[in-house]
Amino acid sequence: ACESGGGLQAVRLLRSDDRSLWRSTHAVREASLRTADACIADAQQGEAGRGEAEAGGAEEGPQWRWLRNRRFNAATNAFIQVAGHSNLFERLCESVIIKQSSTPERAAYEGISATPLGPFVPRCLCACQRGEVQLLYIEDLTARYRRPCVMDVKVGTRTFLEADAASTRRRVDLALKMLAVDPAALSEEEAAAGVTKMEYMRWREVTSSSATLGWRIEGIRRARGGAAASHYPAPKLLREPEQLEQAVGWFCEGRPAVRRAFAARLAELRAALEASRWFATHELVSSSLLLLYDGDPHGAAPPGLWMIDFAKAAPLDGALVLTHRAPWQPGNCEDGYLTGVDSLLHLLSRPDPLAALSARQRGLAKWRGAGVMVRHQLSVRRAKQA
């Protein structure tokens, strides 16, 4: 059954609170005739009908067939994602997405929404239990922007669960992921034997900026004017502060106001995190910050920054309290989340070196900085073809 938990009212409040803002966006002006609450009510009926079918022994079709058969304007309701597992998401309507998740993430949304951290996460409007899977109906943060520019930042010096550190099972699929990024990462014998989850996650951390700075860029998408959206090349391999500075500058497009807005929002989030009892008593592993602004200069929505991805959030046992800055040792559950926030805030608070350059100079600077990444991508492509 679908438990709204005040979800329908939350949708109405969402539209009411941001009505003037949402009316100015392309997504709302061109939205389908169904409102968000009607869509969720439809979803509730779909889940109820599915439950009846299962109880009667009827054969179940594809998990989300009823959702994919919904009719809405796909062109104006295109789902935007720059990182993560794309098969976990579906679009319900112009303002709501459905995420196939787990009980820990549902519990995290419920816990955070009741604290001062609530304004820093997207609204979870409804949750449905489907066996061991939770379907979370979440506010689509990009819907308020005409031309959404998006950067996904993975936060923390530790991006693996402590349980992964004890696992000795070797997986070939993780070895293939490593080779897809760096063909020289493993020998033929190592690739055939596979790697453990711990080895893979550690490799991801040391080949990016996670281990040194506590954050890494998972993906960047920039949209402006009538041109097609562009993506920054190979952001997951950026490790040096200079490379990250260039990538963030490219994302902000030399617009000081956007950068200042991100820094101010992140400073507010850090203060809320440091004062949060919920945050002190939970570990946040492999969680992200989503940075958004409107590439359309006439867009009314201000730049925003939100916490997302809580699938690996977990409450601590006993009286343990985290600093989120101390180095990780087995058993202390420290994740380095605030280490990453401190580092990212330091970068965003500095003047953008690209802001004083001309458009041509900014383009040259960006491609010089990313040239090594482009060459790496080409070498990976040639290796695959060979």
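**View 1. Arginine 146 and aspartate 296 form a salt bridge.** Here the closest N and O atoms sit 3.6 Å apart; a salt bridge means a side-chain nitrogen of Lys or Arg within 4 Å of a carboxyl oxygen of Asp or Glu. Arginine 146 is in the loop between strand E5 (133–139) and strand E6 (148–155), and aspartate 296 is in the loop between strand E10 (287–294) and E11, so the contact ties together parts 150 residues apart in sequence. The strand labels are DSSP runs of at least two residues (E), numbered from the N terminus, while helices are H or I runs of at least four. Aspartate 296 is buried at 17% relative accessible area, whereas arginine 146 is partly exposed at 26%. The cut-offs, with a 1.4 Å probe and protein chains only, are under 20% for buried, over 50% for exposed, and in between for partly exposed. Keep in mind that this is a predicted model: local features need pLDDT of at least 70, side-chain atom pairs count only at pLDDT 80 or more, and totals for chains, interfaces and linings use all residues. Residues are numbered from 1 along each chain as its sequence is written, and side-chain values use heavy atoms, with hydrogens and water left out.

**View 2. Lysine 99 in strand E3 reaches a partner from a distant part of the chain, aspartate 309.** In this salt bridge the closest N and O atoms are 3.4 Å apart. Aspartate 309 belongs to the loop between strand E11 (304–308) and strand E12 (313–315), 210 residues away from lysine 99.

**View 3. Strand E3 (residues 96–101) pairs with both E2 and E5.** Two strands count as paired if DSSP finds at least two bridges between them. E3 runs antiparallel to strand E2 (residues 89–93) over four bridges, and the two make a hairpin with two residues between them. Look for glutamate 90, whose bridge partner in E3 is isoleucine 98. E3 also pairs with E5, again antiparallel, over six bridges; here valine 96 stands opposite glutamate 139 of E5. Five of the six residues in E3 are buried.

**View 4. Glutamate 240 and arginine 239 form a salt bridge.** Their closest N and O atoms are 4.0 Å apart. Glutamate 240 is partly exposed at 39% relative accessibility, and arginine 239 is partly exposed at 39% too.

**View 5. Arg270, Glu274, Arg325 and Asp342 are joined in a salt-bridge network.**
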